[in-house]
Amino acid sequence: MRICIINTGGTITCTGSPLAPMPPDRFAQAVTGLLGPALAAALPGDILHLDDGLRFSDHGPGVLDSTDLRPSDWCRMARRVLDLYDDHDAFVILHGTDTMDYSGAALSLLLNVVDRLGLPVAALSKPVILTGAQLPLFTETPQGLALNPGGDGLANLTGALRAARLRLPEVAVFFGGMLLRGNRALKVSTTRFAAFDSPHLPPLAEVGIAVRRGAAPALPGPASGSHALDASPARARVRAQLEAVAARIDDQRIVQIPAVPADHRAADPLLAQMIRAALAAGATGLLLEGFGEGNIPAGDGAIEAALRAAEVPVVIASRAIGGQVGAFHYAAGAWIAATGALSAGDMTPVAALAKLMILNAAADHHGWDRATRDALMTRSLAGECTPTDRLQGPLLPGEGLTAADGPVALLNDPDRGPCLMQQGRVLWQAPGPGLLRMRGDRLVLIAPDGHVAWASAAGPAPDAVAILTAHPPALHLVDPAGQVAPVTALPC
C-alpha cells in the first residue's frame, strides 16, 4: 500500500519546554531517520510518504496545537486529502488529542456528499485515520532527538498504519489499540493512553499481536465506481461542497448549552436567559445537552417560549456519555418536540455540533430548505448516528422506523405485523405478523412459518434501500442512481 502521513501538529509531534509542534520537515526527517527500519519491518512492502504540505498559517512551522484549530481548518485537512487522493491508498493524519474527535466527525461529512435523503452521491473509498499521542513521539537529548521510550506515540502511529491495511472506506480515529469510527469517538481521558472511546458503537478493529476486525460493521463505501472519490466527477462534487463550506463555516455560531440543576421554576430561569442571549448574539444554531434521554426542564413555560422563538435549528443531545436521546416521552421533556427541536439520537454532542455547522454552511450550495436540512440533521449521513428511517436489515417484530421529515412511523407489531402510522392514525396494516426485509429488488413480508405473505412491486435495482418518509407518508425504494419507487400499501 501507498500510505500518506499528513502532519497537522499535536502532542505526537511536539518537543521542548513548553511543548510545541516541530516543523513538519524536521519531524519527517526524524521519523525517517529514527523509525525508518522499525516501520519497514512492521509494514513490509508498504510505501510511506510523510507529507509536509499542509499549512494552517504562513508564519512559523505552519502546524498547530489542536486546541487552536478552527472549523475552516477541517476544510484544509479535507482539501489536502483530496489533493493527494490519486497518489495514495490510505491516509494517516497526525492530530492533537484535544479536538481530534471534532475533526474526525467533520472530515467524515466533508469527504462525502449526500442527496436530500441522506444517501451518498460522492463517497470516500479509502481509509482516513486520525491518530496522535498523549506524550511526544520524540524527546530532546544532549545527542539530539531520540524516541521517547515511555510514550504512546510509536504504538499509535504503527497501529494506525497497520489498521489502514484493512482498507475500510471511512474516517476513523486510532488510539490505544482501537480503531474507532471518527464521528463516534470521544476523548474520555487526559491521563490514560486509552484516551478515546466510542460509547455508542463498538470498535471497527483492534490492533494487538494481529489486526482484528471489531464488532462494528464498516461503512459500505461507494455504491458504484462513479460515486467513488477515485472518479474525477465525484471528487469534483466533494471539492465544490468543500469550498462552499469553507467560505461560510467560520461564520457559524453554534452555541452549546448544558442543562444543569438551576432555578428552572423561577419566572425567568437562567436557562431561558442563556437561550435568548445566544440568539440575540447571533447564534446560527443551538445545541442543548439535556438530562438523561434529552430532558429539558420547561421552566414554567419560559424555557419552552425561548425555544419556540428560535428561528435557527435547535438540536437536543444528552449529557450522558452512553445511550441516546429518546422520543421525549417523559413529562419533563414531552413538550420539546412541539417546539420544533430536533433529537440528536445517539450522536455524540461533538458530532452533532460539527454536523450542524457543516449542514448550515452547505445548505445554500445544495439548495436545501430548512425542512431538508432539519431532516438531514437526524439522518445518518456517514455513520454518525444509528439510522432510524431506513431498513438496514430485516425489520423484526417489536422494531420500527421513524421518518426523518415528519411524524410518521412504521411499527412491526409482534401480534399484528407491520403498521404504518401518522400521528396515531393507521395508514395501512399488514394482514398478520412477520418480518419485513429486502429480497432482491423487492420488499417482502415473511410470515412466521417462512412463506412470503406479501411482496412489493419490483424496485429500481437489487441494491435499493427502503426509506420511510413523511412527505408523502410511505416507504420508498431508492437505488444508488437516485431512482425512487414508492412501495404500494401492504394489504389491509
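Hi everyone. Let's start where two parts of this protein meet: between domain 1 and domain 3 there are two residue pairs in polar contact, both at pLDDT 80 or more. That score comes up because what you see here is a predicted model.

Let me step back to the layout. The chain is divided into domain 1, covering 2-247, domain 2, covering 252-346, and domain 3, covering 390-486. Five residues from domain 1 and five residues from domain 3 make the contact. How many salt bridges cross the interface of domain 1 and domain 3? The rule finds zero.

Now, on to a site from a record. The unreviewed UniProt entry has a "binding site" annotation that covers S66, T97 and D98. They are spread over 33 residues of sequence, yet they cluster in space, with a largest C-alpha distance of 6.9 Å.

Take T97, in the loop between strand 5 (90-94) and helix 3 (100-110). Is T97 buried or exposed? It counts as buried, because its relative accessibility is 5%, and the cut-off for buried is under 20%. Beyond its sequence neighbours up to four places away, T97 touches S66, A133, Q134, F175, K187 and F196.

D98 is also in the loop between strand 5 and helix 3. With 41% relative accessibility, D98 counts as partly exposed. Leaving aside neighbours within four places in sequence, D98 is in contact with D65, S66, T67 and K187. The side chains of D98 and T67 are joined by a polar contact of 2.5 Å.

Note on methods: Residues numbered from 1 in each chain as written. Predicted model: local features only at pLDDT ≥ 70, side-chain atom pairs only at ≥ 80, totals over all residues. Heavy atoms only, no water. UniProt positions renumbered as here; feature names shortened; annotations may be inferred. Helix = DSSP H or I, 4+ residues; strand = E, 2+ residues; numbered from the N terminus. Buried < 20%, exposed > 50% of the residue type's maximum accessible area, 1.4 Å probe, protein only. Contact = heavy atoms within 4.5 Å. Polar contact = N/O pair within 3.5 Å; in protein donor to acceptor, adjacent residues only side chain to side chain. Domains from an automatic or database assignment. Salt bridge = Lys/Arg side-chain N within 4 Å of Asp/Glu carboxyl O.
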